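Work through the exercises below with the sequence and the structure in view. Each task is followed by its solution in steps.

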Amino acid sequence: PDYINDEIIKELLCYGVKNVELGAQSMDKDVLLASKRGHSAEDVEKAAHIINDCGITLGLQMMTGLPFDSNEKCLYTARRFKELGAKETRIYPTVVLKGTLLSKMYESGEYTAHSVEDAVSISAKLYRFFNDNKIKILRIGLPDSDELRENYIAGAYHPSLGEMVISRDIRNMIEEYANGKKSVNLRVNPRFVSKLNGNKRCNLLYFKKKGITLNVTVDKNTEKFIMEEF
């Protein structure tokens with residue numbers, strides 16, 4: 001974000017650039033400082049205004065589970081992204097890699113790593129917020145690679161993290177809809193059945209434990225899935 005100025009934007013426009021993504025990561029000053037990002041929340045705000053003013057589509061990337069971070073701070077960051085006019089985002093839960101300053105902080109006990117469950121829980125809330133506010137989510141979680149797996153130490157790494165977040169969002173919506181009901185009727189597109197079931201059928205097991213029966217009808221004419229009264 002601190003590399004954006006009027007001169008650079010003019011150059012980008014000359015080359016026909018239409019989208020710019022900034023690695024904001026957080027809008028909380030303490031998180032940015034502890035993470036040694038090298039920029040401030042004010043830098044993000046200034047850059048966002050410059051990009052929006054020239055008509056380029058603004059993307060703001062965020063991370064969860066950084067040093068001094070919390071769920072409340074992540075949701076605050078999401079709200080600020082909306083206020084700053086972001087049209088796109090990426091959600092990257094923090095992963096600790098070998099040879100990084102963060103790995104030293106983790107090994108010394110100064111930093112507690114974000115677990116996969118931590119990441120899925122908060123990212124599902126962020127996923128719902130961004131979707132509700134028509135901010136396009138370009139990616140959730142780091143792409144899988146041999147290099148990543150070889151250098152992974154701790155944190156929220158899972159090759160199917162994005163799908164797990166969508167499944168958790170579905171679970172959250174069903175649970176809100178159920179609101180005391182013991183049975184929920186669902187109409188689901190075939191492409192969304194695996195997301196409804198969850199990783200290793202975790203959603204089905206969750207509702208079974210809760211004593212909630214899911215009556216599922218697979219319907220290719222349904223866009224994704226709907227909950228309905230029969």
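Helices (H or I, at least four residues) and strands (E, at least two) are DSSP runs, numbered from the N terminus. The model is a predicted one, in which local features need pLDDT of at least 70 and side-chain atom pairs count only at pLDDT 80 or more, while totals for chains, interfaces and linings use all residues. Residues are numbered from 1 along each chain as its sequence is written, and side-chain values use heavy atoms, with hydrogens and water left out.

**Exercise 1.** Describe the protein chain as a whole: its helices and strands, its box and its buried share.

Solution. Step one: count the elements, which gives 10 helices and nine strands. Step two: along the principal axes, the C-alpha atoms fill a box of roughly 60 × 45 × 35 Å. Step three: buried means under 20% relative accessible area, exposed over 50%, and partly exposed in between (1.4 Å probe, protein chains only). By that rule, 44% of the 230 residues are buried.

**Exercise 2.** Find which residues gather in a patch of negative charge on the surface, and which helix gives the largest share.

Solution. Asp and Glu count as negative, Lys and Arg as positive, and His and the chain ends are not counted. A charge is placed at NZ of Lys, CZ of Arg, CG of Asp or CD of Glu. A patch takes residues with over 30% relative accessible area and no salt bridge, and joins like charges within 9 Å. A salt bridge is a side-chain nitrogen of Lys or Arg within 4 Å of a carboxyl oxygen of Asp or Glu. Areas follow the Shrake-Rupley method with a 1.4 Å probe, and for residues only the protein chains shown count as cover.

Step two: the patch consists of Asp-6, Glu-7, Glu-11 and Asp-53. Step three: helix 1 (residues 6–14) supplies the largest share, three residues.

**Exercise 3.** Decide whether Glu-11 and Asp-169 are buried or partly exposed.

Solution. Step one: Glu-11 sits in helix 1, and it counts as partly exposed because its relative accessibility is 47%. Step two: Asp-169 belongs to helix 8 (residues 161–178), and it counts as buried because its relative accessibility is 4%. Step three: contact means heavy atoms within 4.5 Å. Leaving aside residues up to four places away in sequence, Asp-169 touches Ala-124, Tyr-127 and Arg-128.

**Exercise 4.** State how far apart Ala-34 and Phe-68 are in sequence and in space.

Solution. Step one: Ala-34 lies in helix 2 (residues 29–34). Step two: Ala-34 and Phe-68 are 34 residues apart in sequence, and 6.9 Å apart from C-alpha to C-alpha. Step three: not counting residues up to four places away in sequence, Ala-34 touches Pro-67, Phe-68 and Met-105.

How values were computed:
Patch = residues over 30% accessible without salt bridge, like charges linked within 9 Å, V, L, I, M, F, W, Y side chains within 5 Å.
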